[in-house]
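Work through the exercises below with the sequence and the coordinates side by side, and try each task before reading its solution.

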Amino acid sequence: MNDMAYLQQISAGTNPSPASSSLFSGRAFRLLGIFAAAALVIILALALLSAATPKESSLDVELSRINLRASSLNELISSYNSSVKSSSLRASGASLSVLLTELASSSSSSLETLYGISASDLSLSSDDAALLDKSSSALESARLNGILDRAYASELSYQISHLLILEELALSKSSNSAVSDYLSSSYSSLTTLQSSFSNFSETK
């Protein structure tokens, strides 16, 4: 090897390798990818957390549930009240039906006036529908087995207790005096009727 070739070989060994430049570029790209993936994971986690966090209900939501529960429970009473043997229990059922009709009408009016919501556009939640379906099945089974009265009193007491909870929630969110007035009146009447149904189921 002559001197010129030797010097060229040494010079080639000391020049920066293009590979190191491409290696650095690849490392930067990988780091960028890692940061992007981490950011995506954080965004998805926040979205899931937000979706899983229960949202505080508002008055219109509670009035909607009250309206639907009152109307649906009234249909249940219409289906079974005439088959009840006890005259006092039938009278209590009839009184409850009147109260539920008034409650459904008042809540429907409030929804329309305050929120522009039509009661005909509402639908029961899966939980509320399941509670009513359970009572309906229990009453039908009791009717077929000749023990309707006891089941009727027990199921109506149970359904009233859930309606009272909804009214409590609505009252806690209401700043409208008219809404608060009819809910308070309904709550008082429902409490009295629940006692009537509960006492029947315990003593008969």
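This is a predicted model: local features need pLDDT of at least 70, side-chain atom pairs count only at pLDDT 80 or more; totals for chains, interfaces and linings use all residues.

Residues are numbered from 1 along each chain as its sequence is written, and side-chain values use heavy atoms, with hydrogens and water left out.

**Exercise 1.** Determine which elements the protein chain has and what share of its residues is buried.

*Solution.* Begin with the DSSP runs, where a helix is H or I over at least four residues and a strand is E over at least two, numbered from the N terminus. The protein chain has seven helices and zero strands. Next, take buried to mean under 20% relative accessible area, with a 1.4 Å probe and protein chains only; of the 204 residues, 31% fall in this class. Finally, with contact meaning heavy atoms within 4.5 Å, 79% of the contacts with a separation of 6 or more join residues 24 or more positions apart.

**Exercise 2.** Describe how H3 and H6 are oriented and which residues join them.

*Solution.* The axes of H3 (residues 59-80) and H6 (residues 148-173) come within 9 Å and cross at roughly 165°. Because angles over 145 degrees count as roughly antiparallel, H3 is roughly antiparallel to H6. The residues of H3 that meet H6 include Leu-59, Ile-66, Leu-73 and Tyr-80, and among their counterparts in H6 are Tyr-152, Leu-163 and Lys-173.

**Exercise 3.** State at what angle H5 and H6 pack, and which residues of H5 take part.

*Solution.* H5 (residues 126-144) packs against H6 at an angle of about 170°, with the axes 8 Å apart, and H5 is therefore roughly antiparallel to H6. On the H5 side the contact is made by Leu-131, Leu-132, Ser-135, Ala-138, Leu-139, Ala-142 and Arg-143, and the residues of H6 that they meet include Leu-148, Tyr-152 and His-162.

**Exercise 4.** Locate Asn-81 and decide whether Asn-81 is buried or exposed.

*Solution.* Asn-81 lies in the loop between H3 and H4 (87-115). With a relative accessible area of 13%, Asn-81 is buried. Leaving aside neighbours within four places in sequence, the contacts of Asn-81 are Leu-89, Arg-90, Gly-93, Ala-94 and Tyr-152.

How values were computed
Buried means under 20% relative accessible area, exposed over 50%, partly exposed in between (1.4 Å probe, protein chains only). Axes are lines fitted to C-alpha atoms, for helices over the stretch in contact, and angles run from 0 to 180 degrees between N-to-C directions. Angles under 35 degrees count as roughly parallel, over 145 as roughly antiparallel, 65 to 115 as roughly perpendicular and the rest as oblique.
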